[in-house]
Amino acid sequence: MTSITLLGEAELRELVPLDLAAIDQVEAAFLSLATEAVAMPPVLRLDLHAHNGEVDVKTAYLPCFESFAIKVSPGFFNNPLLGLPSLNGLMLVLSAKTGLTEAVLLDNGYLTAVRTAAAGAVAARWLARPRTPRVAVLGAGEQARLQLRALMLVRRVEHVRVWARDPDKAQQFATEMSASLGVQCDVARDVHAALAEADVAITTTPSRTPLIEVADLHAGLHITAMGSDAEHKNEIAPAALAAARYVCDRAQQTRVLGELHHALNAGLMHGGAAIAELGQVIAEQTVGRVSETEVTICDLTGTGAQDTAIAALALKRAHAAGAGTLFRNDVRD
């Protein structure tokens, strides 16, 4: 007889807030990618064009954890017309030793949101200048909010400028963040105005055409780009990517997803060149920022390693708190 822990979104929100421990857990996943024999297959993607839907499946085994996660992440973008959320999903946690199911995390995408924001904070921690008072945020959705909150856990922020295609949503973001984070936040008239004086820029949009051009780059700027998680998405012009020090979460992914593959297709970066990964920077296997004036870009497409790491944290805290519902499942020979 074996027990499977069932956890819902409400419990997981209490167990795994966006905090420094979550950031450190995701940083450990990046480090593991650079230093351990991680098994992480390519992303499995299913497109359901008839219903404006997509499903991504990600997984990874990291030797530093006793379990691994398999995440199923659907996005159905007609759902708001039906009064339903666009994003949902779940994570299965299995023993790395026996393969038995240990937990089902019915998080509706919450853990993905947390680990994505935490990854942005890790990128800023290792690539941005130590002093980053001015921040630009492109996009005004849930991830934009979480990315800013995560950044403020690792950097002091004094002023935020937000840009979004919908000015009303940008204004709502500015009002909410000013009140909840105690930071001055205002709306930029366009992307270029948002970035003009920024120390850190965070891109969180599903844009299919570049938003950031070479002219927007200036000395000392760091950009965390996390919106381009599919082949058709593109937030940074290839020429801008080629003009900066480029770092990614996983080169094998960003060559086909993310910002890098657009620069490769444009012939402005070369597929045969060594691509620096964030884990390698953390492990000091390659350099990150080398000067106060350098421009850095971190291309985050989201990895199964991050999913396994955040799921492991959730299950550890659930066991410590005695949380969740135990489902007893017969195992027969």
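Where in the chain does glutamate 284 lie? Its place is the loop between helix 10 (278–282) and strand 14 (296–299). Helices (H or I, at least four residues) and strands (E, at least two) are DSSP runs, numbered from the N terminus. This is a predicted model: local features need pLDDT of at least 70, side-chain atom pairs count only at pLDDT 80 or more, and totals for chains, interfaces and linings use all residues. Residues are numbered from 1 along each chain as its sequence is written, and side-chain values use heavy atoms, with hydrogens and water left out.

**Positive phi**

- Glutamate 284 is not a glycine, yet has a positive phi of about 60°.
- Glutamate 284 is exposed (over 50% relative accessible area; 1.4 Å probe, protein chains only), at 69%.
- Asparagine 52, also not a glycine, has a positive phi of about 50°.
- Asparagine 52 sits in the loop between strand 2 (44–48) and strand 3 (53–60).

**Second largest pocket**

- The volume of the second largest pocket is about 300 Å³.
- A pocket is an open set of points on a 1 Å grid over the protein atoms alone, where a 1.4 Å probe fits, with protein on both sides within 12 Å along at least five of seven lines.
- Lining residues have an atom within 4 Å of a point.
- Grid points are joined across faces, edges and corners, and a volume is the space filled by probe spheres set on them.
- Ser67, Ala312, Leu315, Lys316 and His319 are the closest to its centre of the 13 lining residues.
- Helix 11 (304–321) and strand 1 (2–8) each supply at least two lining residues.
- Helix 11 gives the largest share, 5 residues.

Conventions
Buried means under 20% relative accessible area, exposed over 50%, partly exposed in between (1.4 Å probe, protein chains only).
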